[in-house]
Amino acid sequence: PRPSTFFSEWMTIHSVTLRHDRWPNDLDVHGEFPGLPEAAFDVLWAYRRPVTIAGQRCWMPDRWSSVVIWALHSLRSSSEQERHGRELAAVVDGVLPPLSRYERDVLASRIVGLGAAAALVTTPGFAELLTDRNVPVAANPDWERRLEQSRQLTPWVQVLKESSPRERSLVLWKALWPSVH
């Protein structure tokens, strides 16, 4: 299983992680995705493509949607988690530079179509991609609040609100003395 913290397990309510002892990876199944509006799922569905995994045909986002998802996923806590910082660097330094002008146009279009421009406009690499094309960027208060909360005590307050009275002492203990487990 992917290493996690007590806090990340309690705060991850937007997806479910599926693991199997014989799988070399895990799958995150999302009902919502931080940084994307609900309407983005229709866009993701429109640009899906089939792949065969373990002999089963599955649908997944296309290349451009996957790049956006990858960037948003790594952005949500890249300053707190080394893994997310490395993932963001892999996108910005590895994926973006070799793209042709046409590919950059397609990616910028997908970012706008998914409603992710506000979340990515301040990210190096994506900022240039979007501003070079004069992409209109509407504010995304939910994303801005999420990033701000990730740097504050506020998420712990949310966990406390959602925990049962019996669980609150454990939540407080973990908030005051966090560990990797």
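This is a predicted model: local features need pLDDT of at least 70, side-chain atom pairs count only at pLDDT 80 or more; totals for chains, interfaces and linings use all residues.
Beyond its neighbours within four places in sequence, Glu87 is in contact with Trp70, His73 and Ser74.

As general background, nonpolar side chains in soluble globular proteins tend to be buried together.

Helix H5 deserves a paragraph of its own. Its 14 residues reach 20 Å from the first C-alpha to the last, close to the 20 Å expected at 1.5 Å a residue. The buried residues of H5 are Val106, Leu107, Ala108, Arg110, Ile111 and Leu114. These buried residues pack against H2, H3, H6 and H7. After the helix comes Gly115, which has a positive phi, near 75 degrees.

Attention now turns to charged pairs. The count comes to three salt bridges. In one of them, Arg110 pairs with Asp62, and the closest N and O atoms are 2.6 Å apart. Arg110 lies in helix H5 and Asp62 in the loop between strand S4 (56–61) and H3, so this pair ties together parts that are 48 residues apart in sequence. Arg110 counts as buried at 7% relative accessibility, and Asp62 is buried too, with a relative accessible area of 12%.

Another salt bridge joins the side chains of Arg63 and Glu103 (3.2 Å, N to O). Here Arg63 in helix H3 and Glu103 in helix H5 are 40 residues apart, and the pair links distant parts of the chain. Arg63 counts as partly exposed, at 47% relative accessibility.

The side chains of Asp105 and Arg133 also meet in a salt bridge, at 2.6 Å from N to O. Because Asp105 lies in helix H5 and Arg133 in the loop between H7 and helix H8 (141–149), the pair ties together parts that are 28 residues apart in sequence. Asp105 is partly exposed, with a relative accessible area of 33%, and Arg133 counts as partly exposed at 22%.

Within helix H7 sits Ala127, which counts as buried at 15% relative accessibility. Not counting residues up to four places away in sequence, Ala127 touches Leu120, Val121 and Thr122. The C-alpha atoms of Ala127 and Ala117 are 8.9 Å apart in space, and these residues are 10 apart in sequence.

Val16, Leu18, Trp23, Leu27 and Val29 make a nonpolar surface patch of about 440 Å², to which S1 and strand S2 (27–30) each supply at least two residues. Leu18 lies in strand S1 and counts as partly exposed at 38% relative accessibility. Thr17 is found in strand S1 (residues 15–18) as well, and Thr17 counts as partly exposed at 26%. Leaving out residues up to four places away in sequence, Thr17 touches Asp26, Leu27 and Asp28. A separation of 6.3 Å lies between the C-alpha atoms of Thr17 and Val29, which are 12 residues apart along the chain.

Technical notes. Residues are numbered from 1 along each chain as its sequence is written. Side-chain values use heavy atoms; hydrogens and water are left out. Contact means heavy atoms within 4.5 Å. Helices (H or I, at least four residues) and strands (E, at least two) are DSSP runs, numbered from the N terminus. Buried means under 20% relative accessible area, exposed over 50%, partly exposed in between (1.4 Å probe, protein chains only). Patches are made of residues with over 30% relative accessible area and no salt bridge: like charges are joined within 9 Å, nonpolar side chains (Val, Leu, Ile, Met, Phe, Trp, Tyr) within 5 Å. Accessible areas come from the Shrake-Rupley method with a 1.4 Å probe; for residues, only the protein chains shown count as cover. A salt bridge is a side-chain nitrogen of Lys or Arg within 4 Å of a carboxyl oxygen of Asp or Glu. The expected span of a helix is 1.5 Å times one less than its number of residues.
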